[in-house]
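Please open the model in your viewer and keep the selection tool at hand.

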Amino acid sequence: MTGAELSSIALAPLIAALMIAATPIMLAAIGELVVEKSGVLNLGVEGMMITGAVCGFVFAVQTSNPYLAMLGAAAGAAVLALVFALLTQVLMANQVASGLALTLFGLGLSALIGQGYVGIQPPRTPKLDIPVLSDLPFLGRAVFSHDYMVYLSLALVGAVWYFLKYTRAGLILRAVGENHDAAHALGYRVRRVRILAIAFGGACAGLGGAYLSLIRVPQWTEGMTAGAGWIALALVVFASWRPWRVVLGAYLFGGILVLQLTLQVVGVRIPVEYLAMSPYLITILVLVIMSSGRARASLAAPGSLNRPFFASG
Amino acid sequence: MSDQPLLSLKGLTKAYPGVVANDDVSFDIRPREVHALLGENGAGKSTLVKMIYGLVRPDSGIMAWNGQPYAPDNPATARQTGVGMVFQHFSLFDALDVAENIALGMDDPPPRRQLSRSIREVSQDYGLPLDPGRLVGELSAGERQRVEIVRCLLQNPRLLIMDEPTSVLTPQEVDILFATLRKLRDEGTAILYISHKLEEIRALCDTATVLRQGQKVATCDPRQKSARELAEMMVGKTLHQPERDTSASDDIVLEMRNLTLRSAHLFGTTLKDVSFALRRGEVLGIGGVAGNGQDELLAALSGEARSKRDALRMLGEPVGHLGPNARRAMGLLAAPEERLGHAAAPDMSLTENALLTAAWRQKLVRNGFVNWPRAQGFAEAVITRFDVRTPGPHVVARALSGGNLQKFVIGREISQEPEVLVVNQPTWGVDASAAAAIRQALLDLTARGGAVVLISQDLDEIMEIADRFAALNEGRLGTPRPTRGLTMEEIGLMLGGAGDMEVAHAQA
């Protein structure tokens, strides 16, 4: 591509679009990160996201309150996540199979719930007008004139980071994910910790989904998450289970999503499919590097991830 | 010693489906006493201490702590009462640092900085230096155990339970541990010490309670008994000493020449210029501390790791380039150390597991089809001949206890009448009578003209049944020497002298 083509892309709106594109996957990914840190692999992120999207939409239309709608979305997706928790933690079903089933179930359920809501406009979520900051030249437009969810998602990442690193509950969660037998031997409730983590992950995925249906798009269409849940899953691995890298990865993957649209507009001759593939390609690369033992440890994959826990004795 | 027991157990009983783990067990632990709990695998030691530590509730029976009723329903209650436990399989988290690991074992840990300071202080006081900031995954086995001990000590326990603490330690580390335990005892802590290393118990403990099949056999003073008497109390019968009646010929069946092989494993040991010759009818013992190339040597012999054609010769034929099945066909069989997942597929039945290595020599497969009746017959024969305790050959390997599965795995190979059998740690984790049976079976094989390569970290075992001994050290194999007349000192030197080497039971 030439310099002239690039310079025709205005940077400030691009960054603004990037932050908005990154928010849903960041929300879903930070939730999944907590789930995986507790040693559970929930592949149902896509299904929980779309359930959150439709629940949020229904709540928004019924209550006309965009804030209540977000809570509804979180609750709806958390309930779906608890189905997964019931299957994997109580009935000891296989996590991978249950997660995939959850995605398929969520896609179908959301289509059913959303039947009467196609083509309706949800109440608008206002953009924040932060004094001074929003009026900054460039930065004001790029970074400081978004809706509250953009900032909330960043705050959530910070909170998760603090929780995991500095609190005792966070330490117990990491311990459960690292070695559930040892945690059990010390008297920690492995199952309870995991069920709570799964519910939290569901709520976060629900928020991410509702962000799509209420703010980014904003409309309800069937299957509207279009793979965002899978990107969020890939993002957790890409971030090697570290919260701040989730932000980095979300902006990178979000940037790719935005860029592929922008590049089409300005007529760059790279097939967009390559860009659409790239988050997954990057994740596959990370996974390949990870599969060697030493790198696995250095990437800090939770030791008990995806291993079923049977309490003994 | 005072008369009031610190902890008294009365009639403790715990049954699991199909097995009574503890049957009416009663004994007292007094303050300032190192009390040994002795028994074979499966005698019920672990269940008993789990009840004391609140991990398992007894079906019946009571416990009293300083005369007060004591019935912990979780480990936190037990810790508050004053019971600390150091686990056999470390209950540590590799990816967390020392201070985090210790905080997880405490009910109300102080803030990080203060905790780090007390870790340093306590660990220095007891001669167990520890750096609170290091990742546990990077520590040696001895250092990991220190983490567990310090974690207990920070809570000032009145009773410290130690489950097989020395099985992973070097002799130097054992000495340090014993000094620490004696110091603790002198300060007033009672210690419940679980082990099956009898000499250790006689050196350290004041009282011993012996369990057999869930029942208490006796409480005695271990210093008044010989190791043999204690062993017989544990086993309940006179121990059968394997009989050796071998006359190794000069006929060489297997020869390894200058084999150098990189390990397939990331943290493995490279075999360097290994040579030896194995004669018909002999047992060649290969000793050494774990991680010096034992697994790699087994892989090179079994065919899992291939080498140059001429590096390994079997009956004069080059076999270095052949895979396991081709080697099996020629009569070179192997039984690796890891029973579940390497020697046996955990979720497959014993019949299927028998088929996996015996298909060729026992003709269990014809024209690509499995002859199931024949395979089952072979599995049943192994079960009967080696006294494997299991309902039948349809049971999955995972369901067998470690000792029983080991008997099955070794028996499966011996029943194929190999020319050469390579075994790695054949009696690891197996109770005394089963171990004796396995050793006898190996000797019987040599009497019938087979030859055995015995890789083991148990020097007593090697001295008992091997004709020659060679030391494996950092991937290099020393020159084999006849075991007859070899002293433990000489073996220690062969293993690389003092240093950090584990001279297994030699120090006892």
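Begin where chain A meets chain B: across this interface there is one salt bridge, that is, a side-chain nitrogen of Lys or Arg within 4 Å of a carboxyl oxygen of Asp or Glu. The model is a predicted one, in which local features need pLDDT of at least 70 and side-chain atom pairs count only at pLDDT 80 or more, while totals for chains, interfaces and linings use all residues. Residues are numbered from 1 along each chain as its sequence is written, chains are lettered from A and ligands numbered from 1 in the order in which they are written, and side-chain values use heavy atoms, with hydrogens and water left out.

Select Arg174(A) and Glu100(B), the partners in a salt bridge whose closest N and O atoms are 2.9 Å apart. Next, display helix 8 (168–178), helix 9 (180–185) and helix 14 (293–298) of chain A, the elements that each give two or more residues to the side of chain A that touches chain B. Helices here are DSSP runs (H or I, at least four residues), numbered from the N terminus. Helix 8 of chain A gives the most to that side, with six residues.

Now select the whole contact (heavy atoms within 4.5 Å), which takes 17 residues from chain A and 23 residues from chain B. Together the two chains bury about 1,600 Å², 64% of it on carbon and sulfur atoms; this buried area is the accessible area (1.4 Å probe) that two parts lose on being put together, summed over both.

Move to Ser38(A), in the loop between helix 2 (11–37) and helix 3 (45–63) of chain A. Is Ser38(A) buried or exposed? Ser38(A) counts as buried because its relative accessibility is 0%, where buried means under 20% relative accessible area and exposed over 50%, with partly exposed in between (1.4 Å probe, protein chains only). Leaving aside neighbours within four places in sequence, Ser38(A) is in contact with Leu173(A), Val176(A), Gly177(A), Arg194(A) and Ala197(A).

Finally, turn to the largest nonpolar core, which has 134 residues. Such a core is a set of buried Ala, Val, Leu, Ile, Met, Phe, Trp, Tyr and Cys residues joined through side-chain atoms within 4.5 Å. Ile102(B), Leu104(B), Met162(B), Leu181(B) and Tyr193(B) touch the most other members. The largest share of this core, 13 residues, comes from helix 10 (residues 190–216) of chain A. Apart from this core lies another, of 47 residues, including Val382(B) and Phe386(B).
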